[in-house]
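Here is a short report on one protein chain. Please look over the sequence and the fold before reading on.

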Amino acid sequence: MRVVFVHGACVRDGAWWWHRVAGLLAREGVAGAAPPLPSCGETGRTPGEGGPSLPDDVASVREVLESSAEPAVVVAHSYGGIVACEAAAGLPNVAHLLFVASFLPEAGESLASFGDGTPAPYLDFGADGTFGVRPELATPTFLQDCDADAVAQAHARLVRQSAAVTAQPAGAAAWRQIPSTYLVCARDNGTPPALQRAQARRAGRVVEIDAGHHPFLSRPKEVAGLVLDLPGVS
C-alpha cells in the first residue's frame, strides 16, 4: 500500500506540506508520493492565461497513480479534492480517498460551484490570469494553529496559480465509486466548517478534528493515525 498526497491551491512543494505525516507513515512501512501540480508552476510551465490548469494537474496525479499496480490511498487537501476526484476515477488500484478540508465535486462541478460567486477575501486575482493567497492573511486564515517553523516554511511556499482552475469543471466524481473518508477541520478559517460538513455528506465516513486548515502540519499524528486506520492500509 502507498499513499499519494495531493496538495491544495496556491502553494508548491507538496512533499514538504505532507512531510510530517509522510514521515510517520514511513516508520510504519507505508510509502508516500506527492505529485507536482503544473497549475502551481511546479513543472516549469508558467501559470496564468493559457498556462497549465486543472487538466494538467489531473494528468500529473493520474500518472503517479498509474505508475504502479500497488494499491493506493489518495489523500487530498482543499483544492486537491477537485483534482483527486477526476484523477482517481476508474483506477482499480485506488483503494480509498481521504479528503481533508476539501471538495467532493460531482462531475461538472468546479471550485467556483462551492462559493457565492465573489472571490474569497484572502485571495488575490491578477490581470495575468493567476491568483494567490494574500500573504498578510495566510497565517490567520490557514495557519493559526501551526508552530512558528511551519508558518515560516509555509509562507515561503506560497505561489501564484492559474486562475482557470477555479472555474474548470471536474470530469469525474471518483468518490461515487471509491470508498471515501472526509476529515472536517473544525477550526478552519479558510474553508468554513459548515461547508466542509456539507461536502462530507458525500463521503462514506466522516471524522472531525479540532484543527485549522492544515492539520497535517499542526496535528500530524492524528492525521497519520487516520490514514493508517483506513481499510487496507495497515
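How far is the sulfur of Cys 146 from the closest cysteine sulfur, and which residue holds that sulfur? The answer comes under the first heading.

## Cysteines

This is a predicted model. In it, the sulfur of Cys 146 lies 10 Å from the closest cysteine sulfur, which belongs to Cys 185. That is too far for a bond. Cys 146 is buried, at 12% relative accessible area.

Cys 40 is buried as well, with a relative accessibility of 4%. The closest cysteine sulfur to that of Cys 40 is in Cys 10, 6.5 Å away. The structure has zero disulfides.

## The six-stranded sheet

Six strands make up an open, parallel sheet. Their order is E2-E1-E3-E4-E8-E9. The edges are strand E2 (31-33) and strand E9 (205-209). Each has a single partner strand, so one side of each lacks a neighbour in the sheet. On average, neighbouring strands here are turned by 20° against each other, direction ignored.

Take the pairing of E4 with E8 as a close-up. Strand E4 covers residues 94-100 and strand E8 residues 180-185; four bridges join them, and they run parallel. Leu 98 stands opposite Thr 181 in E8. Helix H9 (residues 220-229) packs on this sheet. H9 touches strand E1 (2-6), strand E3 (72-77), E4, E8 and E9. The direction of H9 makes about 165° with that of E9.

## The three-stranded sheet

A further open sheet has three strands, in the order E5-E6-E7, with antiparallel pairing. Strand E5 (123-125) and strand E7 (161-162) form the edges. Each has a single partner strand, so one side of each is left without a neighbour in the sheet.

E5 pairs with strand E6 (residues 130-133) over three bridges, in the antiparallel sense. Within this pair, Phe 125 stands opposite Phe 131 in E6.

## Helix H6

Helix H6 spans residues 148-155. Ala 150, Val 151 and Ala 154 in H6 are buried. Viewed down the helix axis, the buried residues fall within an arc of 100°, so they line one face of H6. An α-helix has 3.6 residues a turn, so residues three or four places apart point the same way.

The cover over the buried residues of H6 includes helix H1 (14-17), helix H2 (19-27) and helix H5 (135-143). At the start of H6, a side-chain oxygen of Asp 147 comes to within 3.2 Å of the backbone nitrogen of Asp 149.

Technical notes:
Residues numbered from 1 in each chain as written. Predicted model: local features only at pLDDT ≥ 70, side-chain atom pairs only at ≥ 80, totals over all residues. Heavy atoms only, no water. Pairing = 2+ DSSP bridges. Helix = DSSP H or I, 4+ residues; strand = E, 2+ residues; numbered from the N terminus. Axes fitted to C-alpha atoms, helices over the stretch in contact; angles between N-to-C directions. Contact = heavy atoms within 4.5 Å. Buried < 20%, exposed > 50% of the residue type's maximum accessible area, 1.4 Å probe, protein only. Arc of directions from axis to C-beta. Polar contact = N/O pair within 3.5 Å; in protein donor to acceptor, adjacent residues only side chain to side chain. Disulfide = S-S within 2.5 Å.
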